[in-house]
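Here are some notes to read with the model open beside you.

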Amino acid sequence: VALLLPNVYRAQALLAPVSGIEGGGSSLGSKLGGLAALAGVSGSGEDRQIEAMATLRSRSLTDSFIKKGNLLPILFEKKWDASTSQWRPMNPDDVPDAWDGFKVFDSKVRRITVDRQTNLVTLTVDWTDPKLAAAWVTGLVEQTNDLLRQRAVSRANNNLEFLNEQLAKTSVLEVRQTIFKLIENEVKTIMLAQSSSEYAFKIIDAAVIPREQN
């Protein structure tokens, strides 16, 4: 039986969740009160790490990754006719879709473990092609970082729009100073997101192409 089973290779990356802007987030929100909460400046570094982990595990990210890489024909190779670039004749209900892709990828291909003492994350991909296994690990990390970077910039821009509206409505010096501090924090968020490729996860040990079977 072992001789008939396909060779499986394991690629891994060790990741550290990024906590956020030093001196920003919840500390600033607690100092500046209700206006900060309205502007969305209330998330802590821990909240950001939780969002990063949830995103890495999420169905939406996995579905997007599979679609972007056109992975269904690879995940369901036996059902795919490479010569015609079509699914082999079968019942239409048996043609793999996004639901099937996520189920296979999440249960048999990708695994995510967290060391509770160090908070380091190990992302593992098991696949029959060692080059693909390593590429998928790298791709998942990059796509997670890109997605969360885009979300952060979008939130910060929305917050800036709100804060500028509030600034135009008040002439009270103390309130204006508070708003300026919040605006400064949102600008820092955008600058950090746009300048950091490792926005959500910092790669401690990158995935390499495995040479030995798992």
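Predicted model: local features only at pLDDT ≥ 70, side-chain atom pairs only at ≥ 80, totals over all residues.

1. Overall make-up. Residues are numbered from 1 along each chain as its sequence is written, and side-chain values use heavy atoms, with hydrogens and water left out.

2. Order of elements. The protein has eight helices and six strands. Helices (H or I, at least four residues) and strands (E, at least two) are DSSP runs, numbered from the N terminus. Read from that end, the elements go β-α-α-α-α-α-β-β-α-β-β-α-α-β. Of the contacts (heavy atoms within 4.5 Å) with a separation of 6 or more, 75% are between residues 24 or more positions apart.

3. The largest nonpolar core. A nonpolar core here is a set of buried Ala, Val, Leu, Ile, Met, Phe, Trp, Tyr and Cys residues joined through side-chain atoms within 4.5 Å. The largest one has 35 residues, and L75, F105, V109, L123, W136 and F201 touch the most other members. At least two residues each come from β1 (9–17), α3 (45–57), α4, α5, α6, β5 and α7. Helix α7 gives the largest share, nine residues. Apart from this core lies another, of eight residues, including L160, I179, L182 and I190. As background, nonpolar side chains in soluble globular proteins tend to be buried together.

4. L123 and its partners. Which residues does L123 contact, leaving aside neighbours within four places in sequence? They are A11, Q12, A13, L15, L56, R110, R111, I112, V137, L140 and V141.

5. Helix α6. This helix spans residues 98–109, and its buried residues are G101, F102, V104, F105 and V109. They pack against α4 (59–68), α5 (72–75), β4 (110–114), β5 (121–127) and α7 (130–169). At the start of α6, a side-chain oxygen of D97 comes to within 3.2 Å of the backbone nitrogen of W99. K103 also sits in α6, but K103 counts as exposed because its relative accessible area is 57%.

6. A buried arginine. Is R110 buried or exposed? R110, in strand β4, counts as buried because its relative accessibility is 4%. A polar contact is a pair of N or O atoms within 3.5 Å; within protein, one must be able to donate a hydrogen and the other to accept it, and residues adjacent in sequence count only if both atoms are side-chain atoms. The R110 side chain makes one with the side chain of D106 at 2.5 Å, and the side chain of R110 also reaches the backbone oxygen of L56 at 3.4 Å. Beyond four places in sequence, R110 is in contact with L56, R57, T62, F102, F105, L123, T124 and L140.

7. F65 in α4. F65 belongs to helix α4 and counts as buried because its relative accessibility is 9%. Not counting residues up to four places away in sequence, F65 touches L71, F105, W136, G139, L140 and Q143. F65 and T144 are 79 residues apart in sequence, yet 9.6 Å apart in space, C-alpha to C-alpha.

8. Backbone points to check. N70 is not a glycine but has a positive phi of about 50 degrees. N70 lies in the loop between α4 and α5 and counts as exposed because its relative accessibility is 52%. S85, also a residue other than glycine, has a positive phi near 55 degrees; S85 is in the loop between β2 (80–81) and β3 (86–87).

9. The second largest pocket. On a 1 Å grid over the protein atoms alone, a pocket is an open set of points where a 1.4 Å probe fits, with protein on both sides within 12 Å along at least five of seven lines; lining residues have an atom within 4 Å of a point. The second largest pocket is lined by 13 residues, with P6, L75, K78, W127 and T128 nearest its centre. Elements α5, α6 and β5 each give two or more residues to that lining.

Methods
Buried < 20%, exposed > 50% of the residue type's maximum accessible area, 1.4 Å probe, protein only.
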